Amino acid sequence: MGNDDLAAGREAYAQRAWAEAREHLTRADPTTLGGDDLRALGSAAYLSGDRDTAVRALQQAHQTHVADGDHRAAALDAHQLAMVFFMRGEPAVGGGWVARAHRLLEAEPEDARERGYLLIHDMFQLLGAGQFGAAAATCERIDEFGRRWNDADLVAFGNVGQGRCLLLLGEVREGLARLDEAMVALTTGEVSPIMAGHVYCTMIEGCQEIADYERMTQWTDALVRWCEDQPGLIAFTGQCAVHRGQILRAHGSFREALDELALAAERYAANAMDPAIGLAMYERGEVLRTLGDLDGAEAAYEDAARWGCEPQPGLALLSLARGRTTAAVASVRRLLDEAHDPVSRSLRLGAAVEVLAAAGELDDAQQAAEELGTLAATFGSAAVTAKASYAAGLVALARGDPAESLTQFRRSWRAWIELGARYDAARARVRIALALRALGDAVSATSELSVAHQAFTELGTEPARREVERLLATGLPDGLTPREVEVLRLVARGQSNPQIAGELFLSEKTVARHLSNIFTKTGVTSRTAAAAYAHSHELT
């Protein structure tokens, strides 16, 4: 029976039926399992979600190869064990296996193939330290090892690693070209399943970071097909679900996104990938915040933080939604101070502009918007360009330049429409309406708001829908912004600047700026006249 299980396990492994291969190889007579069979068991167990069995099998393969004097094979086993432990969030154990692998190769030639695999760990260390140029150079060395030894795994990793590093260096077009090259290599079937899964996920994560939704969608669909073609596959299915959730969120399919993100968290947990659960929780928080479930969003952000994923900039936007402007400003300032590479900054600048503009910190908001515009031109990403235009529009509107803001918001709206991002397109419509009102075109503004209201109603995004209903009901005069009307109402109640600042969570400097704008737009010259204006225009 043991020999039958061994043969059946080898056949199932060849067919990529991972759960079946694991079951047969586990039942096989241990005395018949060589190092390669044990390594196959480890891979099958890893891919079918049984990390404990994978670790035991790889440890046995390692011991077998050491006993046989095959130090190169034993070093490769140690590398694979290190990867498993790093993915499980156990870096000390993973580092121990890397050290053992290096020791096993001390007497081996400098160009030994296995040294290429150990460079992978050097690359991750450099990446974590923010040394992206050195990390890219290390990936190039990995690629060289792969080509020298005709090792498809090393070539694939070298390409995808260089692609991600180039993105982080701001060389987006070059980085995407390397990522595409790495992905095409997967179609040959020469890359091992575990490495192929890592390449798929690395590529998709890179596309998500630069908001290249078209590429992200194409490669996520490819990853889904790849997963479905392998019976019993659990590894990488969590990544599949979280990427589908991200795409659904981008397209405004929020309820479906929540379902995918719940599945992602479940799959991550089943595959002992606890740190990755944090990403699914953060994405869940983003969806709930957009839908208006602020308590649910806060709970999801807390879960994300508990699993090691910083819940930003979503948490800053949640603070803004709750009127905690000072806290939101402090968060986005810290986030920008800590982000040094172009990709990280692009992910934070849009939220920073929203927060800073809402707080009246217009100089800083303009600086952030201009930087985002520069990055958008470099990235060549339609979504980043749309975000940059929206940010520029926010600043222009806040500075009293509705004509420029209208141009920027329309540019943003067109880009979101082309990308199929209904929610973001509707948000741009609302700002278009405010710009039109400021220009005196109330009829066109009402039309834009009505279309946006319909979109928000269909999408189920309650905060955005309520904002539009308020704007449709008020018809703000003389180009006043909603925030300026809030200040004006409190002036009409007889409140002082410090009192207004306390109620609206603003600085006194910001309140004074709003009052100056109100006086300019309405033509009044005193607080008494401003109060009379508010009453005569039914703004109280």
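Analyst: Just after helix α13, G252 takes a positive phi of about 85°. Helices here are DSSP runs of H or I, at least four residues long, numbered from the N terminus. This is a predicted model: local features need pLDDT of at least 70, side-chain atom pairs count only at pLDDT 80 or more, and totals for chains, interfaces and linings use all residues. Residues are numbered from 1 along each chain as its sequence is written, and side-chain values use heavy atoms, with hydrogens and water left out.

User: How many residues of α13 are buried?

Analyst: 11 of its 14 residues are buried, so α13 is largely enclosed by the rest of the structure. Buried means under 20% relative accessible area, with a 1.4 Å probe and protein chains only. Among the buried ones are C240, H243 and I247.

User: New topic. How many aromatic pairs are there?

Analyst: The whole structure has 8. Rings of Phe, Tyr and Trp (its six-membered ring) pair if their centres lie within 6.5 Å; planes under 30 degrees apart are stacked, over 60 edge-to-face, the rest tilted.

User: Which kind is the pair Y282 and Y301?

Analyst: Tilted, because the planes are at 35°, with the centres 5.7 Å apart. Y282 sits in helix α15 and Y301 in helix α16, 19 residues apart.

User: Are those two buried or exposed?

Analyst: Y282 counts as buried at 9% relative accessibility. Y301 is buried too, at 1%.

User: Which rings form a cluster?

Analyst: Ring pairs link Y200, W226 and F236.

Terms used
Buried means under 20% relative accessible area, exposed over 50%, partly exposed in between (1.4 Å probe, protein chains only). Helices (H or I, at least four residues) and strands (E, at least two) are DSSP runs, numbered from the N terminus.
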